[in-house]
Amino acid sequence: MPDTITVFVPSDEIVPKDELYELTAIEDITEIYTLDNQLEGYRIAWDDVELVMRVPDPDVQEAKIDDFLAITDELLDGRRDKKAKKIWRRAERMVQMVECTVTPDWDEARKAQLLVQGLMAFYDYALMFAKGAVYNENGNIEVGREDSKLKYWVDPVEKDKSETPNERKKASLQTLNRENVPHIKHLRNLPDDAFFTLRPLEEVVKRTIALNLISRRADGESREWLIEKLAQYQLTNTLTEQETIFNEDDSPDEYIVIMFSQRMEACWLLLWALGLIPNLARPDNFADAVRANEIIDTRSLDQLLIEAKHRNKSEILDALDLHFRYHWAVVDAELYGKKSPTGLKPDVVYQRHYALNWLVQLRDQDWDEITTDT
């Protein structure tokens with residue numbers, strides 16, 4: 001059966017055909033026009049699946065966006081927590097809807113799914129509405145009802161849903177039980193150690209410095225300060241695309257500033273992974289920013305490369321497994337408007353999970369594209 005989802009985007013531009021060529025690397029892309037010869041979408045065909053992206057006329061769009069805002073408000077059900085405010089701010093920015101219909105269904109090779117995700121990435125901060133729930137660009141739920149799917153698409157990494165926990169999962173579950181953190185026993189095992197490769201030491205050190213500096217930029221340092229510090233550490237071309245855009249933006253949205261400020265938590269995790277701080281405490285307290293700044297400010301890049309050593313991969317994967325399960329508990333609480341379990345700080349958990357997935361190259365994604373599925 002065909003499946004239709006609606007993507008809401010903060011732009012009235014129709015994605016260019018050239019962008020779709022880049023995303024699909026296929027030639028069979030047909031433009032769809034209205035009766036008065038206005039472009040309204042595309043038909044993309046592979047051998048086993050077809051995806052139609054269609055932008056309705058302005059009156060229909062306006063009504064659909066109003067409906068989307070009303071449903072989002074209903075799903076949030078009066079919540080005023082940080083995540084609810086963030087979801088609402090994003091929803092309010094939407095100015096266009098794109099109907100995406102896949103036939104006969106989402107393919108196993110994920111071609112149609114990845115194209116929809118690429119479409120959402122093109123617009124930045126898009127939202128997807130499907131089966132009565134709101135999802136982000138990775139297909140992870142932002143807000144829904146109790147019977148909503150937490151993920152719209154199944155990731156190949158998640159296909160092993162064995163309920164028999166491996167030793168690492170057993171250890172994490174023991175920690176969760178001891179701390180009285182909710183969990184579900186069928187949340188998957190992570191792959192074996194051989195599946196993962198830690199990123200090269202120099203790359204990790206440079207990313208750690210960049211995260212520290214971009215966090216301080218979000219906390220009030222100037223654009224010029226950041227540029228000077230990057231030059232000092234020989235990292236002029238190290239910022240990601242999103243970090244560069246943020247540094248050049250004179251008036252970024254508040255939630256963007258908050259996100260980059262919170263990168264200090266990711267920096268702290270990497271400092272631990274590099275052996276530059278001895279212990280990684282439970283994520284119920286924020287990083288020691290003063291200590292992190294001191295480590296960066298009192299050493300050159302060469303000194304950091306000499307002092308830093310990767311922790312044992314098994315120790316890093318233990319931390320990943322535990323934070324993966326912490327993150328599920330935090331997301332579950334946020335989804336249903338409950339307090340974060342036993343003092344866990346959602347922002348700390350998220351940033352650590354993000355940094356760990358990058359460090360172990362879980363899906364070989366660049367920093368800006370890291371996903372933190374639970």
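**View A. Contacts across the whole chain.** Among contacts (heavy atoms within 4.5 Å) in the protein between residues at least 6 apart in sequence, 70% join residues at least 24 apart. The model is predicted: local features need pLDDT of at least 70 and side-chain atom pairs count only at pLDDT 80 or more, whereas totals for chains, interfaces and linings use all residues. Residues are numbered from 1 along each chain as its sequence is written, and side-chain values use heavy atoms, with hydrogens and water left out. The protein has 14 helices and eight strands, which are DSSP runs numbered from the N terminus (helices H or I, at least four residues; strands E, at least two). Its radius of gyration, taken over C-alpha atoms, is 22 Å, close to the 21 Å that the globule rule (2.2 Å times the number of residues to the power 0.38) gives for 374 residues, so the protein is as compact as a globular protein of that length. Along the principal axes, the C-alpha atoms fill a box of roughly 65 × 50 × 45 Å. Of the 374 residues, 51% count as buried, that is, under 20% relative accessible area; exposed is over 50% and partly exposed lies in between (1.4 Å probe, protein chains only).

View B. The structure holds two cavities of 30 Å³ or more. On a 1 Å grid over the protein atoms alone, a cavity is a set of points where a 1.4 Å probe fits but cannot get out, and lining residues have an atom within 4 Å of a point. Points are joined across faces, edges and corners, and a volume is the space filled by probe spheres set on them. About 50 Å³ of space lies in the largest cavity. Thirteen residues line this cavity, and those closest to its centre are I14, V15, V55, V98 and Y123. Two or more lining residues come from each of β3 (39–45), β4 (50–54), β5 (96–103) and α4 (111–123), and β3 gives the most, with three residues. By class, the lining has eight nonpolar, two polar and three charged residues. Here Ala, Val, Leu, Ile, Met, Phe, Trp, Tyr, Cys and Pro count as nonpolar, Asp, Glu, Lys and Arg as charged, and the others, Gly among them, as polar.

**View C. The second largest cavity.** About 40 Å³ of space lies in this cavity. Its lining is formed by R188, L190, L320, F324, H353, N357, L362, R363 and D373. The elements that give two or more residues to this lining are α13 (313–335) and α14 (346–359). Four of the lining residues are nonpolar, two are polar and three are charged.

**View D. The second largest pocket.** A pocket is an open set of grid points with protein on both sides within 12 Å along at least five of seven lines. The second largest pocket holds about 270 Å³ of space. Of its 17 lining residues, L280, D318, A319, L322 and H323 are the closest to the centre. Helices α5 (167–179) and α13 each supply at least two residues of the lining, with α13 giving the most, six residues. The lining divides into eight nonpolar, three polar and six charged residues.

**View E. Surroundings of A319.** A319 is found in helix α13 and, at 10% relative accessibility, counts as buried. Residues up to four places away in sequence not being counted, A319 touches W272 and L356. The C-alpha atoms of A319 and K111 are separated by 32 Å, with the two residues 208 apart along the chain.

**View F. Backbone details in loops.** The peptide bond from T103 to P104 is cis, with omega near 0°, and P104 is found in the loop between β5 and α4. N37 has a phi near 65°, a positive value in a residue other than glycine. N37 lies in the loop between β2 (29–33) and β3 and is exposed, at 58% relative accessibility. T342 likewise has a positive phi, near 40°, in a residue other than glycine. T342 lies in the loop between α13 and α14 and counts as partly exposed, at 34% relative accessibility.

**View G. Cysteines.** The count of disulfides (pairs of cysteine sulfur atoms within 2.5 Å) comes to zero. C100 is buried, with a relative accessible area of 0%. C267 also counts as buried, at 0% relative accessibility.
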